[in-house]
Amino acid sequence: MSRRRNRRRFGWLEGLMLLAGAAFVSPCLLALLNAFKTNPEIIGDPLALPGRWSWDNFRFIFTGMKLARPMLNSLLMCAGVIACLVTVAPMAAYSIMRRKMATGKLLRVFFLVGLTVPFQIIMVPLLKLFRVMNIQFTYLALLLHYVSWGLPLCIFIYSAFMATIPRELEEAAAIDGCGQVGTFWRIVFPLLTPCTITVIIFWGLWIWNDFMQAFIVMGPTRGQLVFVQLWKFLNDQYVRNWNHIFAGVVVLSVPVTVLYVVMQRRFVKGLTAGAVK
Amino acid sequence: MSGAATRRGRGWAASLILCGPAVLLYGTFVVLPAVLGFAYSLTDWTGWTTEPNFVGLDNFRELAGDERFASAVRFTLFETWMIVLFFTFGSLVLAVLLDRLRSAKGLIRGLFFYPYILSILVVALLFKYLCNYNHGAVNLLLRSMGLGHWAQDWMMDPRLVGYFIFAMVAWSAVGFFTTLYLANLQTIPAELYEAASLDGAGPVSVFTRIQLPLLVPTVTTNLVLATIFGINLFGQIVVTTEGGPGYRTATVGYYIYWLGVKNNRQGYASAVSFTVFAALVAVAIVQVALLRRRQVQL
Amino acid sequence: MHTPTSRGARVLWAAIIAGAILPAGCAKDERGAKVIRVTRNIGGREGFRVHFEAWQAAFERGHPGWKVELIDLGNQNGDEFYKARIATGDLPEVVMTWQLTPMLVRGGHLVPLDSGYYEKFGIPPPRKYKGKYYTTQGGIQVQGIAVNRRMWADAGITDPPQTWDELVAGLGRVKARGHRPLVFGGREWSAFQPLFYAIATNMYDREHSLDKPSWTIRRNRGEVRFATDRTARLILEKMIHLTDTFAEKGAASDGYNEEQRIFYGGKGATWMMGCWIAGDVEANKVDFEIDYWPIPSMTGRRPVLIATSGPQSGWAMTTSATGEKRAKARAFLECFYDPNVYQLFLNGEGQFAAASKVPVKGPQSAWKPAQALFDNIQRTVDEYGTTPGFHIALDDMPPPIFFSNTLKAVMQEILAGTRDVDKLLKMLDDDWDSALKGM
């Protein structure tokens, strides 16, 4: 009985995992280190400590690369897409899971096959479709694309998670006179919190980091999204300003790191709340 | 009687509200363009002109004898196999270990998750840096430890390049799969663990008797996701080896990109893509049929 | 029984949904009535940016009320961007074409330029494509062999080798003196350089003549193939020998940046690279002397430099420029040859002037080693001349994929240990045939 009381003990497992974790992320420390150096220094010896720790590169990010506005745009896009996904996807997953075998399976397959289609195939027809709808090259078009593109995977994750939720609660609600939609929002959705948080973290990351699809659907015009901007500097085949690139990488990792840290706490809280049934 | 009818009626309306938006969005912006995109496989479209020529099944005939496609399939399967194994079982072990931690949980979990935060461009840059033969950190480290004879061209040596890609993918995505397992692990009620500790069960037996059976849903999920992830490998190839050396690391996804974007054969690329898609659907249907038969037998 | 979502959570959701509507509310880019949109792959290169700003300023000065909008493509993935814009009927008014000119013309997207455009600035007219001209012409760009003068002098060689075998022997002597003889990286596009040089100087005529079809035309007609061409076989054997003897272990994972680092750092003796490196000399603070040598032949011809400018690959007007915009787009293209603008272009790209009526000097640099290299290149051009190699004309060029992908893949295979020359020749043939279907 007392064995599980040692809650805060830092034992050998913790030590081992900490070392393993640190080794695991060590390449990232390389990026962090190089963000403080000048370009010739980086080219000369990537592993050395900087001669002088300077913030110049970071300053360039905001003045030279002008990443401030794109960062805001990216944040808004993430928020928008996530908001849509976590409303539309769980509803669909719920409806699929609670159906009769045949139609449920059919819908699951319908959504799943979307995961196998590469973006290049839909690229041109999609752009023409946006043209027909007169929303080409707008944020709305990109948002619709991101949401639709993310639905299959999202629904898949939600369905899998939903399989672990017992039906008794829903049946009780049905007896109470709750409609299916109401049942979903009031009872099932809160129980899906760990899954929702997972989705927020993953899709936040994915959209934040995406450049290829954003570049194609929206084009390299003003007010662009963050990684599209950085990508222009990153992929240059003749000259690379490594110092700016690494500084950009570090700066751009900050928001997602913050998101992850914040979500982690809620993650644990949400899970432990769910475990107490 | 009327009560049941209204309940059924409400059932339809509810279905529409719940499922409708998803089906509408997905159908309009994914399925429709995909069908249209696949239609190009019957043409010789280059991607630049607006009216392609209809060529019937020529593209598919060419595909049947296409050696580079066969080679791409082989390489994709090779990578997918490793990826599936690692993300289904490797992540599982890692998740179980992370779950057993009793302090510094958030920090340590964060360390393993962190690479997932980085964009593939960054991951590729880092790995190219690390694995360069002359200036890369791995070889520099080996040489400084007197193990210079172990130094290899980790990235472009044809024997190692497949593993290089795998290592990069594994490093960057382990956070994703581990998190899914962790989410599932956290739903295991504490009473089960307490009961096990009362019985005097050791960690291994806790794993095999309690955790593993309850993790089966996520194992299945991760298996499917890892398979799809492996089959779709493409961006990672573009930013590192570009299919090289030669064309050895061209995956199916990369070959489609190469055909369409670089070789201006968008019609043929659509045909390749459709074939892969059809193959995957066929596999899925077979799986579903097998499962159903097994369920009926039960 | 059920846990209602707390008020805090409800507020959070509302905020997020508002955030979802906000981006959608941002109006799409209005295509201004008096705006000329221009693409350029600036991607952080100061020289390019400075040039473009000058070009923009020159136009806006002469055409008040009109603006130029830069679409920075970052790197040369113009392919996907242009295709996307073609799909939506929204190609910018002026586009940089690179090797995409034939595709754009065949798709009906470019507006031809009259020959008066070139005459006005004294530019030798480029070879026509389907009877017409389309793009600005930059400067003259040549490709040859850059050498570290000191290292070669140390091996007793001060003049360019006159045959390929002499070059190989010279590399051997440099290596024997303890220097790294050849700077060569197999990871990226630069892997194709040696093979490209060999094919261009050995399988093609030095000067194109209209009554003798080029190897490309004959290949397209099926009259010749790599598999049965003796020169092609010889070239591959020499490439295998070159890399076996002189490519360092680990060369396969070096890319262009690593090559730069090695050569500009004074750690390698020979680098087969184009004349634009002269533009990098100052930026990298190179302080040793670099000679620029012509490429020796394997088939008994005189050494020569390859001129890769000429086929139309500059900026062109697109069919998006309608009405008054067309005249303005044309005017913008003329501003390219404003002396100040043109000078900046040559400096940024490291090219030599091709417009005889424009008062510019060759590329200029205040950094002595850079200027010395510019002069050296000019002297080599004067003495040995240039050949277009296979860059003969837009409708007389190997498929684009051949140049950018296949040659690189073949060199990578050689680095990976493939010695089967037949297999390599087959790669060249197969890719050419496949690419022809995309033309």
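The tour goes from whole chains to single elements and residues.

**Before selecting anything.** This is a predicted model, in which local features need pLDDT of at least 70, side-chain atom pairs count only at pLDDT 80 or more, and totals for chains, interfaces and linings use all residues. Residues are numbered from 1 along each chain as its sequence is written, while chains are lettered from A and ligands numbered from 1 in the order in which they are written. The predictor gives the complex an ipTM of 0.83 and a pTM of 0.85.

**Select chain A.** Chain A has 13 helices and zero strands; helices (H or I, at least four residues) and strands (E, at least two) are DSSP runs, numbered from the N terminus. Of its 277 residues, 52% count as buried. A residue is buried if 20 or more other C-beta atoms lie within 10 Å of its own, exposed if 12 or fewer, and partly exposed in between, with C-beta atoms placed from the backbone. Among contacts in chain A with a separation of 6 or more, 76% are between residues 24 or more positions apart; a contact means that two C-beta atoms, placed from the backbone, lie within 7 Å.

**Select residues 68-97 of chain A.** This is helix α4, with 24 of its 30 residues buried. How far apart are its end C-alpha atoms? They are 43 Å apart, which agrees with the 44 Å that 30 residues should span at 1.5 Å a residue; the expected span is 1.5 Å times one less than the number of residues.

Now colour the largest nonpolar core, which has 288 residues; A:Val81, A:Leu85, A:Ala89 and A:Ala92 are among those that touch the most other members, as is B:Tyr255. The largest share of this core, 18 residues, comes from α4(A). Such a core is a set of buried Ala, Val, Leu, Ile, Met, Phe, Trp, Tyr and Cys residues joined through C-beta atoms within 7 Å. Centre on A:Ala92: beyond its neighbours within four places in sequence, A:Ala92 is in contact with A:Ile155, B:Leu18, B:Cys19 and B:Ala22.

**Move to chain C, residues 142-148.** This is strand β5, and seven of its seven residues are buried. β5(C) pairs antiparallel with β7(C) (residues 270-274) over five bridges, and C:Gln143 stands opposite C:Gly274 there. Four bridges join β5(C) to β8(C) (residues 290-293), also antiparallel, with C:Trp293 as the bridge partner of C:Ile145. Strands count as paired if DSSP finds at least two bridges between them.

**Finish at C:Ala329.** C:Ala329 lies in helix α13 (residues 324-335) of chain C. Why does C:Ala329 count as buried? Because it has 26 C-beta neighbours inside 10 Å. Not counting residues up to four places away in sequence, C:Ala329 touches C:Ile36, C:Glu93, C:Val94, C:Met317 and C:Ala321.
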